[in-house]
Amino acid sequence: MNGIHRIGVITAGGDCPGLNAVIRAVTKPAIAKYNLEVFGIEDGFLGLIENRIRKLTSESVSNILTVGGTILGTNNKTDPHRYPVEVNGVTEFRDVTGLCLDNIARNKLDALVVIGGDGSMSIASGFARLGVNCIGVPKTIDNDLWGTDVTFGFATAVSIATEALDRVHTTAASHHRIIVVEVMGRNAGWIALYAGMASGSDVILIPEIPYDFDTVCEFVQSRSKRGKRFSIVCVSEGAKPAGGERVISRVDPTSADPIRLGGIGQKVANDIETATKIETRAITLGHVQRGGTPVATDRVLATEFGNKAIELLEAGERGQLVVMKGRTVTHIPIGEAEGKQRLVPVDHPIVRAARNVGTCFG
Ligand code: F6P
(Lines give C-alpha, C1' and ligand atoms only; values in the text may rest on other atoms or scores of the structure.)
Protein backbone atom coordinates (compact mmCIF):
# COMPACT_ATOMS: atom_id res chain seq x y z
CA MET A 1 0.00 0.00 0.00
CA ASN A 2 1.95 3.06 -1.22
CA GLY A 3 5.13 1.71 0.32
CA ILE A 4 3.40 1.34 3.69
CA HIS A 5 3.99 -1.99 5.41
CA ARG A 6 3.82 -1.26 9.13
CA ILE A 7 1.60 1.26 10.87
CA GLY A 8 1.38 2.44 14.47
CA VAL A 9 -1.87 3.27 16.26
CA ILE A 10 -1.88 5.58 19.25
CA THR A 11 -4.66 6.80 21.54
CA ALA A 12 -3.71 10.00 23.34
CA GLY A 13 -5.38 12.50 25.66
CA GLY A 14 -8.34 11.74 27.91
CA ASP A 15 -10.14 8.45 27.29
CA CYS A 16 -13.38 8.66 25.41
CA PRO A 17 -16.11 6.18 24.42
CA GLY A 18 -15.37 4.91 20.89
CA LEU A 19 -11.55 4.74 21.02
CA ASN A 20 -11.59 0.96 20.80
CA ALA A 21 -14.03 1.10 17.90
CA VAL A 22 -11.47 3.20 15.98
CA ILE A 23 -8.57 0.87 16.87
CA ARG A 24 -10.65 -2.04 15.55
CA ALA A 25 -11.73 -0.17 12.39
CA VAL A 26 -8.10 0.65 11.57
CA THR A 27 -6.56 -2.71 12.49
CA LYS A 28 -8.99 -5.18 10.92
CA PRO A 29 -8.84 -3.88 7.32
CA ALA A 30 -5.13 -3.00 7.64
CA ILE A 31 -4.40 -6.68 8.29
CA ALA A 32 -7.12 -8.46 6.29
CA LYS A 33 -7.44 -6.18 3.28
CA TYR A 34 -4.04 -4.51 2.93
CA ASN A 35 -1.76 -7.09 4.51
CA LEU A 36 -0.13 -4.50 6.79
CA GLU A 37 1.39 -5.08 10.20
CA VAL A 38 -0.22 -2.99 12.92
CA PHE A 39 1.43 -1.92 16.17
CA GLY A 40 -0.32 -0.39 19.16
CA ILE A 41 1.57 2.27 21.08
CA GLU A 42 0.84 2.09 24.80
CA ASP A 43 -0.31 4.97 27.01
CA GLY A 44 -0.35 7.69 24.36
CA PHE A 45 2.84 9.56 23.50
CA LEU A 46 4.47 8.25 26.68
CA GLY A 47 4.65 4.80 25.05
CA LEU A 48 6.28 6.30 21.97
CA ILE A 49 8.90 8.03 24.12
CA GLU A 50 9.51 4.85 26.15
CA ASN A 51 9.28 2.53 23.13
CA ARG A 52 6.37 0.54 24.54
CA ILE A 53 4.87 -0.77 21.35
CA ARG A 54 3.06 -4.08 20.80
CA LYS A 55 1.80 -5.90 17.77
CA LEU A 56 -1.96 -5.89 17.20
CA THR A 57 -3.73 -8.82 15.59
CA SER A 58 -7.27 -9.35 14.37
CA GLU A 59 -7.83 -11.37 17.55
CA SER A 60 -6.52 -8.65 19.86
CA VAL A 61 -9.01 -6.13 18.44
CA SER A 62 -11.91 -8.55 18.36
CA ASN A 63 -14.85 -7.93 20.68
CA ILE A 64 -13.82 -4.38 21.61
CA LEU A 65 -16.35 -2.37 19.56
CA THR A 66 -18.66 -1.84 22.50
CA VAL A 67 -16.00 -1.48 25.19
CA GLY A 68 -15.27 2.00 26.63
CA GLY A 69 -11.76 3.32 27.33
CA THR A 70 -8.84 2.14 25.19
CA ILE A 71 -7.11 -1.24 25.12
CA LEU A 72 -3.85 0.63 24.42
CA GLY A 73 -4.02 2.85 27.48
CA THR A 74 -3.72 6.61 27.19
CA ASN A 75 -2.22 9.64 28.83
CA ASN A 76 -3.28 13.28 28.85
CA LYS A 77 -0.09 14.67 30.37
CA THR A 78 2.70 13.78 27.98
CA ASP A 79 3.81 16.20 25.30
CA PRO A 80 7.13 15.14 23.70
CA HIS A 81 8.01 18.84 23.32
CA ARG A 82 7.81 19.26 27.07
CA TYR A 83 8.77 16.03 28.77
CA PRO A 84 9.52 16.29 32.51
CA VAL A 85 12.93 14.93 33.55
CA GLU A 86 14.18 14.85 37.15
CA VAL A 87 17.68 16.41 37.40
CA ASN A 88 19.20 16.60 40.92
CA GLY A 89 15.75 16.64 42.47
CA VAL A 90 14.56 19.41 40.15
CA THR A 91 12.07 18.85 37.33
CA GLU A 92 13.33 20.08 33.97
CA PHE A 93 11.30 20.00 30.77
CA ARG A 94 13.00 18.65 27.66
CA ASP A 95 12.04 18.25 24.02
CA VAL A 96 12.21 14.50 23.38
CA THR A 97 10.72 14.60 19.88
CA GLY A 98 13.97 13.05 18.60
CA LEU A 99 13.37 10.01 20.83
CA CYS A 100 9.89 9.58 19.32
CA LEU A 101 11.31 9.79 15.78
CA ASP A 102 14.00 7.23 16.70
CA ASN A 103 11.37 4.84 18.04
CA ILE A 104 9.20 5.29 14.95
CA ALA A 105 12.26 4.41 12.83
CA ARG A 106 13.38 1.57 15.14
CA ASN A 107 9.96 -0.07 14.80
CA LYS A 108 9.93 0.64 11.03
CA LEU A 109 6.56 2.38 11.27
CA ASP A 110 5.70 3.87 7.87
CA ALA A 111 2.67 5.76 9.21
CA LEU A 112 1.00 6.68 12.51
CA VAL A 113 -2.73 6.85 13.13
CA VAL A 114 -3.12 9.29 16.01
CA ILE A 115 -6.49 9.17 17.76
CA GLY A 116 -6.73 12.22 19.98
CA GLY A 117 -8.01 15.69 20.76
CA ASP A 118 -6.55 19.13 20.09
CA GLY A 119 -3.34 18.63 22.08
CA SER A 120 -2.63 15.30 20.39
CA MET A 121 -3.31 16.77 16.95
CA SER A 122 -0.80 19.56 17.59
CA ILE A 123 1.81 16.92 18.46
CA ALA A 124 0.87 14.86 15.37
CA SER A 125 1.03 17.96 13.23
CA GLY A 126 4.56 18.63 14.51
CA PHE A 127 5.57 15.05 13.64
CA ALA A 128 4.02 15.48 10.17
CA ARG A 129 6.17 18.59 9.61
CA LEU A 130 9.21 16.46 10.47
CA GLY A 131 8.28 13.95 7.78
CA VAL A 132 6.27 11.37 9.73
CA ASN A 133 3.17 10.26 7.87
CA CYS A 134 0.48 10.98 10.47
CA ILE A 135 -3.24 10.57 10.02
CA GLY A 136 -5.29 12.13 12.82
CA VAL A 137 -8.64 10.84 14.05
CA PRO A 138 -10.52 13.34 16.24
CA LYS A 139 -11.87 12.21 19.59
CA THR A 140 -13.19 14.04 22.61
CA ILE A 141 -16.36 14.09 24.64
CA ASP A 142 -16.06 17.91 24.60
CA ASN A 143 -16.75 18.16 20.83
CA ASP A 144 -14.36 21.11 20.74
CA LEU A 145 -11.97 20.00 18.01
CA TRP A 146 -11.75 22.61 15.31
CA GLY A 147 -12.34 21.44 11.73
CA THR A 148 -14.90 18.71 12.41
CA ASP A 149 -18.61 19.13 13.03
CA VAL A 150 -18.56 16.31 15.54
CA THR A 151 -16.19 14.03 17.44
CA PHE A 152 -17.02 10.54 18.63
CA GLY A 153 -17.58 10.28 22.38
CA PHE A 154 -19.66 13.43 22.46
CA ALA A 155 -23.00 11.68 21.84
CA THR A 156 -22.28 9.20 24.64
CA ALA A 157 -21.36 11.97 27.10
CA VAL A 158 -24.51 13.90 26.18
CA SER A 159 -26.63 10.82 26.63
CA ILE A 160 -25.15 10.10 30.09
CA ALA A 161 -25.52 13.75 31.17
CA THR A 162 -29.09 13.86 29.86
CA GLU A 163 -30.05 10.77 31.80
CA ALA A 164 -28.55 12.25 34.97
CA LEU A 165 -30.43 15.51 34.46
CA ASP A 166 -33.66 13.59 33.80
CA ARG A 167 -33.19 11.57 36.95
CA VAL A 168 -32.62 14.52 39.30
CA HIS A 169 -35.80 16.13 37.97
CA THR A 170 -38.03 13.95 40.14
CA THR A 171 -36.15 14.75 43.35
CA ALA A 172 -36.05 18.44 42.51
CA ALA A 173 -39.79 18.50 41.81
CA SER A 174 -40.78 16.35 44.83
CA HIS A 175 -38.62 18.30 47.32
CA HIS A 176 -39.13 21.73 45.72
CA ARG A 177 -35.38 22.11 45.34
CA ILE A 178 -33.00 23.53 42.82
CA ILE A 179 -30.51 20.96 41.56
CA VAL A 180 -27.37 22.11 39.79
CA VAL A 181 -25.66 19.51 37.62
CA GLU A 182 -22.08 20.24 36.55
CA VAL A 183 -21.00 18.61 33.29
CA MET A 184 -17.60 18.46 31.58
CA GLY A 185 -16.54 20.22 28.39
CA ARG A 186 -13.44 22.28 29.27
CA ASN A 187 -13.72 25.66 27.52
CA ALA A 188 -16.64 24.57 25.36
CA GLY A 189 -20.27 24.37 26.41
CA TRP A 190 -21.41 21.74 23.90
CA ILE A 191 -22.18 19.00 26.45
CA ALA A 192 -24.11 21.42 28.68
CA LEU A 193 -25.97 22.88 25.72
CA TYR A 194 -27.06 19.54 24.25
CA ALA A 195 -27.77 17.75 27.54
CA GLY A 196 -29.42 20.87 28.95
CA MET A 197 -31.71 21.15 25.96
CA ALA A 198 -32.42 17.39 25.77
CA SER A 199 -33.41 17.29 29.45
CA GLY A 200 -35.39 20.53 29.39
CA SER A 201 -33.08 22.10 31.97
CA ASP A 202 -34.42 25.45 33.14
CA VAL A 203 -31.02 27.14 33.21
CA ILE A 204 -27.99 26.33 31.06
CA LEU A 205 -24.68 28.02 31.86
CA ILE A 206 -21.86 27.70 29.33
CA PRO A 207 -18.39 29.26 29.10
CA GLU A 208 -19.20 31.10 25.88
CA ILE A 209 -22.03 33.07 27.54
CA PRO A 210 -20.72 34.49 30.84
CA TYR A 211 -23.72 34.59 33.15
CA ASP A 212 -25.27 37.30 35.26
CA PHE A 213 -25.94 35.74 38.66
CA ASP A 214 -28.90 38.04 39.51
CA THR A 215 -30.61 36.99 36.27
CA VAL A 216 -30.28 33.32 37.29
CA CYS A 217 -31.75 34.02 40.74
CA GLU A 218 -34.62 36.13 39.36
CA PHE A 219 -35.38 33.33 36.89
CA VAL A 220 -35.62 30.53 39.47
CA GLN A 221 -37.59 32.77 41.83
CA SER A 222 -40.08 33.72 39.13
CA ARG A 223 -40.58 30.01 38.37
CA SER A 224 -41.27 29.47 42.06
CA LYS A 225 -43.84 32.24 42.08
CA ARG A 226 -45.57 30.63 39.07
CA GLY A 227 -45.89 27.38 41.03
CA LYS A 228 -42.85 25.67 39.52
CA ARG A 229 -41.16 25.28 42.86
CA PHE A 230 -38.06 23.59 41.51
CA SER A 231 -35.45 24.26 38.86
CA ILE A 232 -32.76 22.27 37.11
CA VAL A 233 -29.54 24.10 36.32
CA CYS A 234 -27.10 22.48 33.89
CA VAL A 235 -23.71 24.14 34.25
CA SER A 236 -20.65 23.51 32.14
CA GLU A 237 -17.42 23.13 34.14
CA GLY A 238 -15.91 26.10 32.26
CA ALA A 239 -18.82 28.48 32.90
CA LYS A 240 -18.05 31.76 34.63
CA PRO A 241 -19.93 34.86 35.72
CA ALA A 242 -19.61 38.00 33.59
CA GLY A 243 -16.42 39.70 34.72
CA GLY A 244 -15.51 36.69 36.89
CA GLU A 245 -13.22 33.68 36.68
CA ARG A 246 -13.61 29.97 35.96
CA VAL A 247 -13.36 27.62 38.94
CA ILE A 248 -10.21 25.50 38.84
CA SER A 249 -10.19 22.25 40.79
CA ARG A 250 -6.49 21.40 40.40
CA VAL A 251 -3.34 22.43 38.61
CA ASP A 252 -0.95 19.72 37.49
CA PRO A 253 2.39 21.36 36.67
CA THR A 254 3.69 18.14 35.09
CA SER A 255 0.89 18.17 32.52
CA ALA A 256 1.17 19.92 29.16
CA ASP A 257 -2.40 21.11 29.79
CA PRO A 258 -2.16 21.76 33.55
CA ILE A 259 -5.57 23.28 34.36
CA ARG A 260 -8.37 20.97 35.52
CA LEU A 261 -11.72 22.70 35.82
CA GLY A 262 -14.36 21.80 38.38
CA GLY A 263 -16.34 23.25 41.25
CA ILE A 264 -18.50 25.83 39.50
CA GLY A 265 -21.63 23.69 40.10
CA GLN A 266 -21.16 23.72 43.88
CA LYS A 267 -20.36 27.44 43.84
CA VAL A 268 -23.46 28.29 41.81
CA ALA A 269 -25.59 26.09 44.10
CA ASN A 270 -24.22 27.72 47.29
CA ASP A 271 -24.71 31.21 45.88
CA ILE A 272 -28.26 30.50 44.68
CA GLU A 273 -29.28 29.05 48.05
CA THR A 274 -27.82 32.04 49.91
CA ALA A 275 -29.48 34.55 47.59
CA THR A 276 -32.91 32.92 47.15
CA LYS A 277 -33.27 30.83 50.33
CA ILE A 278 -34.47 27.95 48.13
CA GLU A 279 -32.77 24.67 49.03
CA THR A 280 -30.18 24.02 46.34
CA ARG A 281 -28.01 20.95 45.77
CA ALA A 282 -25.12 20.33 43.41
CA ILE A 283 -23.98 17.19 41.58
CA THR A 284 -20.79 16.87 39.56
CA LEU A 285 -20.96 14.15 36.91
CA GLY A 286 -17.21 14.10 36.26
CA HIS A 287 -15.68 11.06 34.60
CA VAL A 288 -18.97 9.16 34.59
CA GLN A 289 -19.50 11.05 31.30
CA ARG A 290 -16.42 9.44 29.74
CA GLY A 291 -17.00 5.94 31.01
CA GLY A 292 -18.62 2.80 29.75
CA THR A 293 -19.95 1.65 26.45
CA PRO A 294 -20.34 4.13 23.58
CA VAL A 295 -23.85 4.82 22.28
CA ALA A 296 -24.69 3.39 18.85
CA THR A 297 -24.01 6.64 16.93
CA ASP A 298 -20.53 6.91 18.48
CA ARG A 299 -19.74 3.29 17.53
CA VAL A 300 -20.77 4.05 13.96
CA LEU A 301 -18.90 7.37 13.81
CA ALA A 302 -15.74 5.88 15.33
CA THR A 303 -15.83 3.01 12.83
CA GLU A 304 -16.35 5.43 9.92
CA PHE A 305 -13.45 7.60 11.16
CA GLY A 306 -11.10 4.62 11.60
CA ASN A 307 -11.99 3.30 8.19
CA LYS A 308 -11.38 6.72 6.63
CA ALA A 309 -7.91 6.81 8.19
CA ILE A 310 -7.01 3.57 6.38
CA GLU A 311 -8.59 4.81 3.14
CA LEU A 312 -6.49 7.99 3.34
CA LEU A 313 -3.31 5.91 3.70
CA GLU A 314 -4.41 3.78 0.76
CA ALA A 315 -4.98 6.96 -1.29
CA GLY A 316 -1.43 8.10 -0.50
CA GLU A 317 -2.54 11.05 1.65
CA ARG A 318 -0.15 12.30 4.33
CA GLY A 319 -0.60 14.59 7.34
CA GLN A 320 -4.40 14.60 7.21
CA LEU A 321 -7.09 14.84 9.87
CA VAL A 322 -10.27 12.82 9.41
CA VAL A 323 -13.28 15.11 9.91
CA MET A 324 -17.05 15.10 9.57
CA LYS A 325 -18.57 17.90 7.47
CA GLY A 326 -22.35 17.74 7.40
CA ARG A 327 -22.98 14.01 6.90
CA THR A 328 -19.76 13.40 4.99
CA VAL A 329 -16.57 11.96 6.45
CA THR A 330 -13.73 13.78 4.74
CA HIS A 331 -10.30 15.20 5.65
CA ILE A 332 -8.31 18.40 6.12
CA PRO A 333 -4.58 19.02 6.55
CA ILE A 334 -3.80 18.14 10.16
CA GLY A 335 -2.05 21.48 10.78
CA GLU A 336 -5.26 23.40 10.05
CA ALA A 337 -6.79 22.41 13.40
CA GLU A 338 -3.66 23.29 15.39
CA GLY A 339 -4.08 25.75 18.25
CA LYS A 340 -7.79 26.26 17.58
CA GLN A 341 -10.88 25.30 19.53
CA ARG A 342 -14.42 24.85 18.35
CA LEU A 343 -16.54 26.79 20.81
CA VAL A 344 -20.31 27.31 20.88
CA PRO A 345 -21.23 30.40 18.83
CA VAL A 346 -23.42 32.57 21.08
CA ASP A 347 -26.06 32.74 18.34
CA HIS A 348 -25.94 29.00 17.58
CA PRO A 349 -29.36 27.69 16.42
CA ILE A 350 -29.57 25.44 19.51
CA VAL A 351 -28.96 28.43 21.79
CA ARG A 352 -31.69 30.33 19.95
CA ALA A 353 -34.08 27.37 20.13
CA ALA A 354 -33.37 26.94 23.85
CA ARG A 355 -33.99 30.62 24.53
CA ASN A 356 -37.25 30.41 22.55
CA VAL A 357 -38.54 27.59 24.74
CA GLY A 358 -37.79 29.68 27.81
CA THR A 359 -34.35 28.45 28.88
CA CYS A 360 -32.31 30.94 30.87
CA PHE A 361 -28.63 31.34 29.95
CA GLY A 362 -28.02 33.80 32.76
O1 F6P B 1 -11.27 16.67 27.45
C2 F6P B 1 -12.05 15.73 28.09
C3 F6P B 1 -12.20 16.07 29.55
O4 F6P B 1 -13.03 15.10 30.16
C5 F6P B 1 -12.74 17.46 29.83
O6 F6P B 1 -14.12 17.57 29.65
C7 F6P B 1 -12.27 17.68 31.24
O8 F6P B 1 -12.13 19.05 31.51
C9 F6P B 1 -10.94 16.99 31.27
O10 F6P B 1 -10.95 16.05 30.21
C11 F6P B 1 -10.67 16.28 32.56
O12 F6P B 1 -9.39 15.74 32.52
P13 F6P B 1 -8.86 14.69 33.62
O14 F6P B 1 -9.37 13.34 33.23
O15 F6P B 1 -7.38 14.79 33.52
O16 F6P B 1 -9.40 15.12 34.92
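## Basis of the pocket description

A pocket is here an open set of grid points, where a 1.4 Å probe fits, with protein on both sides within 12 Å along at least five of seven lines. The structure examined is a predicted model. By this definition, the largest pocket holds about 1,100 Å³ of space.

## The largest pocket

The lining of the largest pocket comprises 45 residues, and those closest to the pocket centre are Gly-14, Asn-76, Arg-186, Asp-257 and Arg-260. Two or more lining residues come from each of helix H4 (118–129), strand S8 (178–183), strand S11 (248–251) and strand S12 (259–261). Of these elements, H4 supplies the largest share, with five residues.

In terms of residue class, this lining is made up of 18 polar, 16 charged and eleven nonpolar residues.

## The ligand and its surroundings

The ligand sits in the largest pocket. Around the ligand are Asn-76, Ile-141, Asp-142, Met-184, Gly-185, Arg-186, Glu-237, Arg-260, His-287 and Arg-290. Asn-76, Arg-186 and Arg-260 from this shell are also listed among the residues closest to the centre of the largest pocket. The shell divides by class into five charged, three polar and two nonpolar residues.

On its own, the ligand has 400 Å² of accessible area, of which the protein covers 80%.

## The second largest pocket

About 170 Å³ of space lies in the second largest pocket. Its lining consists of 13 residues, with Val-150, Ala-155, Thr-297, Asp-298 and Leu-301 closest to the centre. Helix H5 (154–175) and helix H9 (296–314) are the elements that each give two or more residues to this lining. The greatest contribution is that of H9, at five residues.

The lining of the second largest pocket contains eight nonpolar, three charged and two polar residues. For the largest pocket, the corresponding counts are eleven nonpolar, 16 charged and 18 polar.

Technical notes: Residues numbered from 1 in each chain as written. Predicted model: local features only at pLDDT ≥ 70, side-chain atom pairs only at ≥ 80, totals over all residues. Heavy atoms only, no water. 1 Å grid on protein atoms, 1.4 Å probe; cavity = no way out; pocket = protein on both sides within 12 Å on 5 of 7 lines; lining within 4 Å. Points joined across faces, edges and corners; volume = space filled by probe spheres on them. Helix = DSSP H or I, 4+ residues; strand = E, 2+ residues; numbered from the N terminus. Nonpolar A, V, L, I, M, F, W, Y, C, P; charged D, E, K, R; others polar. Near = heavy atom within 4 Å. Areas by Shrake-Rupley, 256 points an atom, 1.4 Å probe, with all protein chains shown as cover. Sits in = over half its atoms within 2 Å of the grid points.
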